[in-house]
Amino acid sequence: MPGKGELPDKLFENICVPLIAVVFSFLIGAAFVLFVGQNPLFVYARLIEGTLGSTYGLGQVLFKATPLIFTGLSVAFAFRVGLFNIGCEGQLAMGAFATAWAGVTLKSLPGPVLIPISILFGMAFGAFWAFVPGILKARLGTHEVINTIMMNFIASAILSYLVTSVYGVPETLHTEPIALAARIPRLESLWPAFKGSPVNVSFFLALVFCVAVYLYLWHTKFGYSMRATGLSPLAAEYSGVNVRRYLVTGMTLSGALSGLVGVNYVMGYKYYYESEFSGGVGFMAIPVALLGRNHPLGVVLSAMLFGILSHGGLVINTLVPKEFVEILQAVVIVSILITSNIFRDWVVSLRKRKL
């Protein structure tokens, strides 16, 4: 249980610091807008109006936020176990390909069977692609950052070969479309107001996994052991926790979460796997997790912010250069690092004065 004064400090660190980072980054962005001769208030108002001012814009934001929730949750999960999973890009690609493969190869199965099998295929391949660096870390002590980066390159090469030479449609960079029974509904079929937006029910699946990760990490014995491993491996081992086992399990589950990205793209949007489809979502997961303070709720809010910036960049590209949004995202990341250090030191100093 948190001690007296610790809970307000935690709330300040987890809520106020990210908010300050966002405000600071938007102020920097405003200076850039002024530099290119535009009114920051007008540009920001247009950005909000184009993203949250209509159900179509909101649908685009939710669609872009969905893969960020999966991968952000993946990175945050690994962080909690003391691991830096920078291999989400390879894990989500392997998972998406496996999802498409199941949807094409097992097309004779009925929808209620084929849909969960396709999802499990994606999770299993994402998990396997993370298991390899996990077991190398636990057994040989090799750093997971190097291993996961190399696994990204290997995944890209393997999938490029499979799509161009084995499973791809000739003269394209994608596989055959998955079976109709493997497709999940878009929200426009449930709410016509979302018409034209590719957001689909995988968004709700992402929220379900956020709740599941929260319950697992904070309300189970295994989750407690994982977080203990992340906080202090030596102390955890001294208290009887099998640190090696939790390192492997943590990295594997992290990969399974990344593998779910294929549900959004393959089963709910394009209906096939396409090479290099992610657009760097696996790497954007790192700032999403950092801004979200490695908490499932924070990851959802952070992913929504990056979803707004991503679609908002298309909305305001006639007012400011398209690089503006990329600059804003970079400033958000740098602001997180700056404000985190400054306010962590400030909170520590304040607590020492109270003692």
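Helices are taken here as DSSP runs of H or I with at least four residues, numbered from the N terminus. The model is a predicted one, and with the helices so numbered, Glu171 falls in the loop between helix 6 (144-166) and helix 7.

**Loop residues**

Glu171 is not a glycine, yet its phi is positive, at about 65°, and with a relative accessibility of 86% this residue counts as exposed. Tyr271, which lies in the loop between helix 11 (261-270) and helix 12, likewise has a positive phi, near 70°, in a residue other than glycine. Most residues other than glycine have a negative phi. Tyr271 is buried, because its relative accessible area of 18% falls under the 20% limit for that class.

The loop between helix 6 and helix 7 also holds Thr175, which at 5% relative accessibility counts as buried. What surrounds Thr175, once its neighbours within four places in sequence are left aside? Its contacts are Phe97, Ala100, Tyr167, Gly168, Val169, Tyr272 and Tyr273.

**Helix 4 and its two partners**

Helix 4 (residues 88-105) is crossed by helix 3 (residues 55-80), and the two axes come within 11 Å at an angle of roughly 130°. That angle makes helix 3 oblique to helix 4, and the crossing of the pair is right-handed. On the side of helix 3 the contact is made by Thr71, Ser74 and Val75, which meet Cys88, Gln91 and Leu92 in helix 4. The residues of this contact divide into three nonpolar, three polar and no charged.

The axis of helix 4 also comes within 7 Å of that of helix 12 (residues 281-291), and these axes cross at roughly 130°. Helix 4 and helix 12 are therefore oblique to each other, and helix 4 passes helix 12 in a right-handed crossing. Here Cys88, Glu89 and Leu92 in helix 4 meet Val281, Gly282 and Phe283 in helix 12. The residues of the contact of helix 4 with helix 12 divide into four nonpolar, one polar and one charged.

Cys88 and Leu92 take part in the contact with helix 3 and also in the contact with helix 12. An α-helix has 3.6 residues a turn, so residues three or four places apart point the same way.

| Helix pair | Axes come within | Crossing angle |
|---|---|---|
| helix 3 and helix 4 | 11 Å | roughly 130° |
| helix 4 and helix 12 | 7 Å | roughly 130° |

**Helix 8 and its cover**

In helix 8 (residues 221-231) the buried residues are Gly223, Ser225, Met226, Arg227, Ala228 and Thr229. The cover over these buried residues includes helix 3, helix 7 (202-219), helix 9 (233-238) and helix 10 (243-258).

**Cysteines**

How many disulfides does the model contain? The count comes to zero. Cys88 is in no disulfide, and the nearest cysteine sulfur, which belongs to Cys210, is 14 Å away, whereas a disulfide would need the two sulfur atoms within 2.5 Å. Cys88, with 0% relative accessibility, counts as buried. Cys210 is also in no disulfide, its nearest cysteine sulfur being that of Cys88, and Cys210 is buried as well, with a relative accessible area of 5%.

Key: Residues numbered from 1 in each chain as written. Predicted model: local features only at pLDDT ≥ 70, side-chain atom pairs only at ≥ 80, totals over all residues. Heavy atoms only, no water. Axes fitted to C-alpha atoms, helices over the stretch in contact; angles between N-to-C directions. Helix = DSSP H or I, 4+ residues; strand = E, 2+ residues; numbered from the N terminus. Parallel < 35°, antiparallel > 145°, perpendicular 65-115°, else oblique. Left-handed = near helix turned anticlockwise from the far one by under 90°. Contact = heavy atoms within 4.5 Å. Nonpolar A, V, L, I, M, F, W, Y, C, P; charged D, E, K, R; others polar. Buried < 20%, exposed > 50% of the residue type's maximum accessible area, 1.4 Å probe, protein only.
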